[in-house]
Amino acid sequence: MKHRKVCLVVANVVYWCSKMVVQDLLFDSLGQYLSAAQMLFLLCLFSGVVGLLIYFCIPKTKRLELEGVDKVLLEEEICKMDNYRQGNGELDDVLIVR
């Protein structure tokens, strides 16, 4: 529950930023050069690319509630800290969780 507010804020910011980009870039700028069918195809193409990125880049949190995602990420960070303590002492990609 402690991350729910942050996730909602981030999702809202991403939504409004992407809405402005799509509205200003696609509909206003490209609308002068492309037909409606071409613009819809372009939006479909972008949606497919984003869907593939989500499918392949975020598989371990699939079908989990927000609390389950928090547990998975916390366990991953603990493993990184353990590897740091056992390794050569380099601090690569280590996040200290409070």
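Helices (H or I, at least four residues) and strands (E, at least two) are DSSP runs, numbered from the N terminus. Colour the chain by these elements: from the N terminus on they run α-α-α, which gives 3 helices and 0 strands. The model is predicted, so local features need pLDDT of at least 70 and side-chain atom pairs count only at pLDDT 80 or more, while totals for chains, interfaces and linings use all residues. Residues are numbered from 1 along each chain as its sequence is written, and side-chain values use heavy atoms, with hydrogens and water left out.

**Whole chain**

Show the surface. Of the 98 residues, 8% count as buried (under 20% relative accessible area; exposed is over 50% and partly exposed in between, with a 1.4 Å probe and protein chains only). Among contacts (heavy atoms within 4.5 Å) between residues at least 6 apart in sequence, 20% join residues at least 24 apart.

**Residues 39-58**

Select residues 39-58, listed by UniProt as "transmembrane region" in an unreviewed entry; such annotations may be inferred rather than shown by experiment, and the positions follow the numbering used here, with feature names shortened. The span is 95% helix and 0% strand, and its end C-alpha atoms lie 28 Å apart.

**Second largest pocket**

Next select Val 22, Leu 43, Phe 46, Ser 47 and Val 50, which line the second largest pocket. A pocket here is an open set of points on a 1 Å grid over the protein atoms alone, where a 1.4 Å probe fits, with protein on both sides within 12 Å along at least five of seven lines; lining residues have an atom within 4 Å of a point. The space in this pocket is about 190 Å³, a volume being the space filled by probe spheres set on the points, which are joined across faces, edges and corners. Helix H2 (residues 36-57) supplies the largest share of the lining, 4 residues. By type, the lining has 4 nonpolar residues, 1 polar and no charged.

Stay on Val 22, which lies in helix H1 (residues 4-29). Val 22 is partly exposed, at 28% relative accessible area. Leaving aside residues up to four places away in sequence, Val 22 touches Phe 27 and Leu 43.

**Aromatic pairs**

Finish with the 2 aromatic pairs. Rings of Phe, Tyr and Trp (its six-membered ring) pair if their centres lie within 6.5 Å; planes under 30 degrees apart count as stacked, over 60 as edge-to-face and the rest as tilted. Select Tyr 15 and Trp 16, an edge-to-face pair at 5.2 Å centre to centre and 75° between the planes. Tyr 15 is partly exposed at 45% relative accessibility, and Trp 16 is partly exposed at 44%. Then move to Tyr 55 and Phe 56, whose ring centres are 5.0 Å apart and whose planes stand at 85°, so this pair is edge-to-face. Phe 56 counts as exposed, at 59% relative accessibility.

Definitions and conventions:
Nonpolar A, V, L, I, M, F, W, Y, C, P; charged D, E, K, R; others polar.
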